[in-house]
There are 2 protein chains.
Amino acid sequence: MSGEVIQFRRTTPTLAPILSLTATAMNSVNSIILDRMQSEIPLIPTLAGHLIAGGGKRMRPMLTLAGAELVGYQGTRHHKLAAAVEFIHTATLLHDDVVDGSEMRRGKEAANIVFGNPATVLVGDFLFSRSFELMVEDGSLKVLKILSGASAIIAQGEVDQLTAQRKIETSEERYLHIIGAKTAALFAAASRIAAVVAERTDAEEQALDDYGRNLGIAFQLVDDAIDYDTGTEEMGKDRGDDFREGKMTLPVILAYARGSDEERRFWQEAIAGFRTEDEDLAHAVELIRRHDAVAATRERARHFAQRACDALSIFPDGKARQAMVEAAQFAVSRGY
Amino acid sequence: MSGEVIQFRRTTPTLAPILSLTATAMNSVNSIILDRMQSEIPLIPTLAGHLIAGGGKRMRPMLTLAGAELVGYQGTRHHKLAAAVEFIHTATLLHDDVVDGSEMRRGKEAANIVFGNPATVLVGDFLFSRSFELMVEDGSLKVLKILSGASAIIAQGEVDQLTAQRKIETSEERYLHIIGAKTAALFAAASRIAAVVAERTDAEEQALDDYGRNLGIAFQLVDDAIDYDTGTEEMGKDRGDDFREGKMTLPVILAYARGSDEERRFWQEAIAGFRTEDEDLAHAVELIRRHDAVAATRERARHFAQRACDALSIFPDGKARQAMVEAAQFAVSRGY
């Protein structure tokens, strides 16, 4: 059960095993999501559906479902809770798009562009309230505590990121703190609640929390690397958004730390918002490449993904654990 | 205990009795509010404090406290819950200001103007999450159900109002439905939870809910009347905001319903956004005066305030009930 080394590297990790592990339960979660985003106000399901039906990997609810498989949970309570997790995530995406003035999301026009900021903010609020209604229906105060706590931490992380925006002096430590809050807190909570509904030990709860949290950090690091990675197709229309918004992500932090005085002056001007042309972005990408800052960011991501996998060592080996390990491997191999 | 007619009209009703009734408990609520809006991210208490410390009548937490007095509750659980209610309210105000592009709130620059839309949206999210954390700490699933349900209804009401904006054909029924959701639902929930923590009967819970809901409708009607009332000092800097935003409130609905064809054409153009000059507002105010639409709106408000008072008839007469009745009378006398 423990002691063996969890194999990290394999050839071309995919999400196939975790998708297959959770497919049946995810159908049920999707039904709940579609059912509970309805409202007598037609704009609500229309706007929510624009984002929710528009795909998305359902990573966070998948963690709840996979965690439940891992601990051998036999009930169905986690379906509603996984839907609640996805609603929290959707609400934060809607608000993020307003906050960032995003133009694209999941390959199509962002909700704020199609429906305007006001409706986007309010439908986010609706989904957030709805998520709490789902949790209340489930009736576990422990789950409510975990998810309301995670929600407060997410909001703090978002404000913190806003505060750090256009501040070239943001350190790697501060950045890790921010993504630990804005991204990893919900990954951690989504995983942890699987152990809660299954009434497993504190140690197992914590292990799932650790898995989710480290995976969330790895996931965000890779997202941030992809935004500056010339070698990937995932860099689509939104490429360079972080740069133009003056967002301090790890590739920039590392390129700045490793840069010459002249390069640092470029970064100061760019992050302050005075260099937003395509040629500036091209120069930024070149500096990041010069200092291997994307590779270094991906290496950090691998570190956290490895920690995520090792956190699972207290669980017996089997289909669920293997699928979760491969999901972590996939998370850091994206965009290669 | 019941049977007597609750005296509605008195000379110059004030909030003094309800303020005095709830003063000690409100100190405790204010402490909790100040304590729980803190965060390691300094922008959060700064922005939240801008609105929270900036006054506000604390109407909604006051309802929880007064209701607790009315039912003779001896504990202190309602302090935390009243703070949670105020956090929900504050979160919706912050988001409203972003949605409406407000410039002033409570006599000073609105948070969105001072801190920008992004931070205002996110701190609203934080306060909303924090309110759920407070409820979870209290630990009553029943209270959580009431307040999460109210939050979802508020968000739906806000979206509904947005959908009705600039639609001259909005009916009085639709308007009442909207304000029942966006305003009265939280008044109702704030009152109701007093009976829940005191473990009183369903009938008493319902009576407090009815009091709060009707009071909330009366309160919103008077707010909407004041925006077009030339005879009041409360019409300060924000006067005419509803008009310029094309918001369909009862004074407009009634003036339109009672207007000539020519007047209706004016309203159609104005609500559609083609008449936003000071002279247009002056003309709107004149039409509303001509058809007694402010007076009629106030009369509707009196009706709901009376229903609020009568809902209290199942409770014994005494200081608490008298204070709550006078608060309802005050609500509809504002701005005279």
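Reader: How many aromatic pairs does the structure hold over all chains?

Author: There are 10 aromatic pairs, counted over all chains. Keep in mind that this is a predicted model.

Reader: Take A:F132 and B:F132. How are their rings arranged?

Author: They are stacked, because the ring centres are 3.8 Å apart and the planes meet at 20°. The cut-off for stacked is planes under 30 degrees apart.

Reader: Where do A:F132 and B:F132 lie?

Author: A:F132 is in helix α6 of chain A, residues 117-138, and B:F132 is in helix α6 of chain B, so this pair joins two chains.

Reader: Buried or exposed, those two?

Author: A:F132 and B:F132 are both buried.

Reader: And B:F128 with B:F132? What kind of ring pair is that?

Author: Edge-to-face. Their ring centres are 5.3 Å apart and the planes stand at 75°, so the pair falls in that class. The cut-off there is over 60 degrees.

Reader: How many residues apart are B:F128 and B:F132?

Author: They are 4 residues apart in helix α6 of chain B, which is about one turn of the helix.

Reader: What is the relative accessibility of each? Start with B:F128.

Author: B:F128 has 8% relative accessibility, so it counts as buried. B:F132 has 0%, so B:F132 counts as buried too. The limit for buried is under 20%.

Reader: Which residues do the ring pairs link into a cluster?

Author: A:F128, A:F132, B:F128 and B:F132.

Reader: Let's move to the interface. How many residues are in contact?

Author: 36 residues of chain B are in contact with 36 residues of chain A.

Reader: What area do the two chains bury in total, and how much of it is on carbon and sulfur?

Author: Chain A and chain B bury about 3300 Å² between them. Carbon and sulfur atoms carry 76% of that.

Reader: How many salt bridges between chain B and chain A?

Author: The count is 0. Polar contacts do turn up: 8 residue pairs between the chains, with both residues at pLDDT 80 or more.

Reader: Which helices of chain B each supply at least two residues to the side that touches chain A?

Author: α2 (43-52), α4 (77-100), α6 (117-138) and α7 (141-164). On that side of chain B, α7(B) gives the most, with 14 residues.

Reader: What is the make-up of that side by class?

Author: The side of chain B that touches chain A has 19 nonpolar, 10 polar and 7 charged residues.

Reader: New topic. Where is B:A84?

Author: B:A84 sits in helix α4 of chain B. Its relative accessible area is 0%, so B:A84 is buried.

Reader: What is B:A84 in contact with, leaving aside neighbours within four places in sequence?

Author: B:S131, B:L134 and B:M135. B:A84 and B:M135 are 51 residues apart along the chain, and their C-alpha atoms are separated by 6.7 Å.

Reader: One more, B:L70. Buried or exposed?

Author: Buried, because B:L70 has 10% relative accessibility. B:L70 belongs to helix α3 of chain B, residues 59-70.

Reader: Which residues is B:L70 in contact with, sequence neighbours within four places aside?

Author: B:L208, B:L312, B:F315, B:A320, B:R321 and B:M324.

Reader: And how far apart are the C-alpha atoms of B:L70 and B:D317?

Author: They are separated by 9.2 Å, with the two residues 247 apart along the chain.

Note on methods:
Residues numbered from 1 in each chain as written. Chains lettered and ligands numbered in written order. Predicted model: local features only at pLDDT ≥ 70, side-chain atom pairs only at ≥ 80, totals over all residues. Heavy atoms only, no water. Contact = heavy atoms within 4.5 Å. Buried area = accessible area lost by both parts, 1.4 Å probe. Salt bridge = Lys/Arg side-chain N within 4 Å of Asp/Glu carboxyl O. Polar contact = N/O pair within 3.5 Å; in protein donor to acceptor, adjacent residues only side chain to side chain. Nonpolar A, V, L, I, M, F, W, Y, C, P; charged D, E, K, R; others polar. Phe/Tyr/Trp six-rings, centres within 6.5 Å; stacked < 30°, edge-to-face > 60°. Buried < 20%, exposed > 50% of the residue type's maximum accessible area, 1.4 Å probe, protein only.
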